[in-house]
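These are my notes from one sitting with one model. I list what I looked up, in the order I looked.

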Amino acid sequence: MEKVEKFELARPRLLSLAHRIVGSYPDAEDAVQTAWTRVQAADLSEVAEPDAWFTTVTARLCLDLLRARERRGELPLLLDDIGGEQAGADEAFLRREDVSRALVVLLGELSPAQRVAYVLHDLFAVPFDRVAAVLDATPAAAKKLASRARGRLREARPPESGAGGPGTSGQREIAGHLEIVEAFLAAARGGDIARLVTLLAPDAVRTADPRLLPAGAPTEVRGATAVAEETRLFADRIAVTTTLLLAGTPAAVIAPGGHPFALIRFRIENRLVREIEISRYTPGTISPG
């Protein structure tokens with residue numbers, strides 16, 4: 001099989017891998033295309049495993065891009081850093097490929113080396129000796145980077161078990177609150193005002209950073225019905241919202257195309273949402289360190 005055919009067969013996987021590393025569909029396409037340019041100039045006759053070599057080349061290009069962004073202070077890649085056209089392309093890719101919005105957001109919180117190690121090993125089953133070659137590190141160092149990434153992601157990922165599942169009382173409480181947050185977001189996405197009212201405390205309060213609101217919109221809204229009805233104004237943002245844990249507490253992030261824009265914090269009492277606070281996202285808020 002000619003190298004052109006081999007690379008074209010590998011291209012979808014390489015694009016998927018590159019996207020998870022760089023978090024941007026256009027940048028992932030550029031990385032894969034640059035990898036193809038290098039493949040064209042290479043002699044593959046002595047390459048035992050072309051697919052592995054394609055992966056290494058692509059991953060190194062992605063790592064270089066992440067490090068360049070970091071030097072410019074652009075990690076994670078925020079919505080403010082990109083244009084509407086790129087955000088649209090990224091959103092379309094997430095939906096088409098069924099990529100987890102939450103995972104893309106959380107990967108953006110990792111250092112470049114952690115992100116590459118985790119994506120290559122945990123998501124694409126690349127052995128640590130090859131991960132180490134990409135990172136110019138030892139296999140032991142690559143394992144440590146992936147482990148640290150795994151730990152940081154675990155801290156921010158919502159639990160999978162329901163409120164009645166196994167675990168400590170604290171874990172069950174978190175799971176129960178998460179169910180309420182997810183039910184609230186589902187009702188908001190569907191425009192189910194009646195359901196929203198049942199999930200809100202009668203005296204619920206919504207506060208928001210004025211920079212996130214349309215001109216003239218109140219920074220504070222009080223009352224279950226008023227808060228529920230206001231969600232109609234933000235249907236587009238609610239559609240691109242995903243849940244996560246913020247300091248162990250269920251929250252949500254508005255992330256078009258996987259690019260963080262705003263955080264939504266909930267205070268829940270007696271299984272009702274009593275307070276909603278919407279603030280601008282700042283790097284490190286979700287998974288510091």
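Is D136 buried or exposed? I looked up its accessibility and found D136 exposed, at a relative accessible area of 74%. I note here that the model is a predicted one.

**Entry 1. Backbone at two loops.**
I came to D136 through its backbone: phi is positive there, about 55 degrees, although the residue is not a glycine. I placed D136 in the loop that runs between α7 (128-135) and α8 (139-156). I then turned to N270, where phi is also positive at about 55 degrees and the residue is again not a glycine. N270 belongs to the loop between β5 (262-269) and β6 (272-280). Its relative accessible area is 71%, so I put N270 down as exposed, the cut-off being over 50%.

**Entry 2. Overall picture.**
I counted 12 helices and six strands in the protein. Along the principal axes, the C-alpha atoms fill a box of roughly 70 × 45 × 35 Å. The protein has 289 residues, and I noted 49% of them as buried. I also checked how far contacts reach along the chain. Taking contacts between residues at least 6 apart in sequence, I found that 60% join residues at least 24 apart.

**Entry 3. α1 against α2.**
I looked at how helix α1 (residues 3-22) packs on helix α2 (residues 25-40): the angle is about 145 degrees and the axes are 8 Å apart. The crossing of α1 past α2 is right-handed. From α1 I listed K3, V4, F7, R11, L14, L15, A18, H19 and V22 as taking part. On the α2 side they meet Y25, D27, A28, E29, V32, Q33, A35, W36, V39 and Q40. Sorted by class, this contact comprises 12 nonpolar, three polar and four charged residues.

Which residues does T58 contact, leaving aside its neighbours within four places in sequence? I found L14, A18, V32 and A35. L14 and A18 are residues of α1 that I had listed in the contact with α2, and V32 and A35 are on the α2 side of it. T58 itself lies in helix α3. Its relative accessible area is 0%, so T58 is buried.

I stayed in α3 (residues 50-71) for R69. R69 is buried too, with a relative accessible area of 2%. I asked what its side chain touches, and found a polar contact with the side chain of D27 at 2.8 Å. D27 is another of the α2 residues that meet α1.

**Entry 4. E97.**
I located E97 in helix α4 (residues 84-97). At a relative accessibility of 40%, E97 counts as partly exposed. I checked E97 against S16: the two are 81 residues apart along the chain, and their C-alpha atoms are separated by 8.4 Å. The side chain of E97 also meets that of R96 in a salt bridge, at 3.9 Å from N to O. The cut-off for a salt bridge is 4 Å, so I kept the pair on my list.

**Entry 5. Other salt bridges.**
How many salt bridges does the structure hold? I recorded 14. Side chains of opposite charge can pair when their charged atoms come close.

I looked up D122 and R150, which form a salt bridge with their closest N and O atoms 2.7 Å apart. D122 is in helix α6 (residues 112-123) and R150 is in helix α8, so the pair ties together parts that are 28 residues apart in sequence. Both ends are partly exposed: D122 has 31% relative accessibility, and R150 has a relative accessible area of 28%.

For R222 and E220, I noted a salt bridge of 2.8 Å, N to O. Here R222 counts as exposed at 56% relative accessibility, whereas E220 counts as partly exposed at 39%.

Last, I traced a network of salt bridges that links D203, R267, E269, R274 and E275.

Technical notes. Residues numbered from 1 in each chain as written. Predicted model: local features only at pLDDT ≥ 70, side-chain atom pairs only at ≥ 80, totals over all residues. Heavy atoms only, no water. Helix = DSSP H or I, 4+ residues; strand = E, 2+ residues; numbered from the N terminus. Buried < 20%, exposed > 50% of the residue type's maximum accessible area, 1.4 Å probe, protein only. Axes fitted to C-alpha atoms, helices over the stretch in contact; angles between N-to-C directions. Left-handed = near helix turned anticlockwise from the far one by under 90°. Contact = heavy atoms within 4.5 Å. Nonpolar A, V, L, I, M, F, W, Y, C, P; charged D, E, K, R; others polar. Polar contact = N/O pair within 3.5 Å; in protein donor to acceptor, adjacent residues only side chain to side chain.
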